[in-house]
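I opened a new page for this chain and wrote down what I looked up, one entry at a time.

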Amino acid sequence: MTTSSSERGVSLGMPELPAPTYPDDVRARLETDARAIIARYPDSRSALLPLLHLVQSEEGHVTRTGMRFCAEVLDLTTAEVTAVATFYTMYRRKPSGDYQVGVCTNTLCAVMGGDAIFEELQEHLGVGNGETTDDGKVTLEHIECNAACDFAPVLMVNWEFFDNQTPATAKRLVDDLRAGRPVEPTRGAPLCTFKETARILAGFPDERPGAVEASGSAGAASLVGLRLARGEAAPARVVHPRDGGPHNEPRDGGPHDEPQDRTAHRPSPTEHLSSHDAPQDTSASDPAHPAGPTAEEGE
């Protein structure tokens, strides 16, 4: 028995028509921005990545019209632009929500609970990977490593960090996003919409009052090695082992060593800058045996 081309999902009809152009007013505005971007580069085609962010800021994803615009202003073929736009995952190929919620499911985040968070968010939101809620607010996806393993498991919303998550904190986060309640990242600039984020990634300044000053830098846990190298880290403290017992082994094997300080470190409020962070000493993947980062800097 054979199947027809239509049953196999193969189209044998006419080739797809060229993409439509932007309305005149939109194109004029984008051309002004495009000239500013292209002027930064000695070779105009080097401006393709920020230009793709620019057209993404216009419609919330990279459309055929956007790729045609990039090709025309850079004197490239649409095939060359499409090859780039389909290679990088930060460029969306279909309409997305105002907030792109990415759950890291790479090795460490997965072990610490990222897989559990992603599964519960799919059920909670009623969407699959890469899908958007009916209200157009949240697009959910699992993402690869975001270089924040010391805060695992990590979520990102429009590329801003939300650290040390659990299923409960993650669900509260997406509920707040959908309801329009204030949401503050753990570190980095204040949250903005996906379109606004795309324009910033295109290289245009974030003009919101105080946004640049609030952007900060790496989190404290990420800088421990640097501070150790400079001799700036606080003296090490030892925390309780998983079994919770007070182990008083000698530090160097001598019979007269004093017992070590086994007081568990409780993170201070300044270590968690977002109300949507979970406590560090939790692990959604194994709640009975917390494995989160509970030690002082320098341990």
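**Entry 1: the whole chain.** I started with contacts between residues at least 6 apart in sequence: 66% of them join residues at least 24 apart. I note that the model is predicted. I counted the elements next and found 9 helices and 5 strands. Read from the N terminus, their order is α-α-α-α-β-α-β-β-β-β-α-α-α-α. The chain has 299 residues, and 38% of them count as buried.

**Entry 2: the cores.** Which residues have the most contacts inside the largest nonpolar core? I found Leu51, Leu52 and Val81, in a core of 24 residues. Helices α1 (24–38), α2, α3 (64–74) and α4 (78–85) each supply at least two residues of this core. A second, separate core has 19 residues, among them Ile117, Leu125, Phe162 and Val174. As background, I noted that nonpolar side chains tend to be buried together in soluble globular proteins.

I then picked Leu52 and left aside its neighbours within four places in sequence. Leu52 is in contact with Val62, Met67, Cys70, Val81, Val84, Ala85 and Tyr91.

**Entry 3: Leu49.** Leu49 lies in helix α2, which covers residues 48–59. Together with Phe87 and Tyr88, Leu49 makes a nonpolar surface patch of about 320 Å².

**Entry 4: Asn158.** I found Asn158 in the loop between β4 (155–157) and β5 (160–162). Asn158 counts as buried because its relative accessibility is 2%, and the cut-off for buried is under 20%. What lies 2.7 Å from a polar atom of the Asn158 side chain? I found the backbone nitrogen of Gln100 there. Setting aside neighbours within four places in sequence, I listed the contacts of Asn158 as Asp98, Tyr99, Gln100, Cys192, Thr193, Phe194 and Thr197.

**Entry 5: Glu184.** Where is Glu184 placed? It sits in the loop between α6 (167–179) and α7 (194–201). Its relative accessibility is 48%, so Glu184 counts as partly exposed; a value over 50% would have made it exposed. Last, I looked up Glu184 and Leu173, which are 11 residues apart along the chain. Their C-alpha atoms are separated by 9.7 Å.

How values were computed. Residues are numbered from 1 along each chain as its sequence is written. This is a predicted model: local features need pLDDT of at least 70, side-chain atom pairs count only at pLDDT 80 or more; totals for chains, interfaces and linings use all residues. Side-chain values use heavy atoms; hydrogens and water are left out. Patches are made of residues with over 30% relative accessible area and no salt bridge: like charges are joined within 9 Å, nonpolar side chains (Val, Leu, Ile, Met, Phe, Trp, Tyr) within 5 Å. Accessible areas come from the Shrake-Rupley method with a 1.4 Å probe; for residues, only the protein chains shown count as cover. A salt bridge is a side-chain nitrogen of Lys or Arg within 4 Å of a carboxyl oxygen of Asp or Glu. Helices (H or I, at least four residues) and strands (E, at least two) are DSSP runs, numbered from the N terminus. A nonpolar core is a set of buried Ala, Val, Leu, Ile, Met, Phe, Trp, Tyr and Cys residues joined through side-chain atoms within 4.5 Å. Buried means under 20% relative accessible area, exposed over 50%, partly exposed in between (1.4 Å probe, protein chains only). Contact means heavy atoms within 4.5 Å. A polar contact is a pair of N or O atoms within 3.5 Å; within protein, one must be able to donate a hydrogen and the other to accept it, and residues adjacent in sequence count only if both atoms are side-chain atoms.
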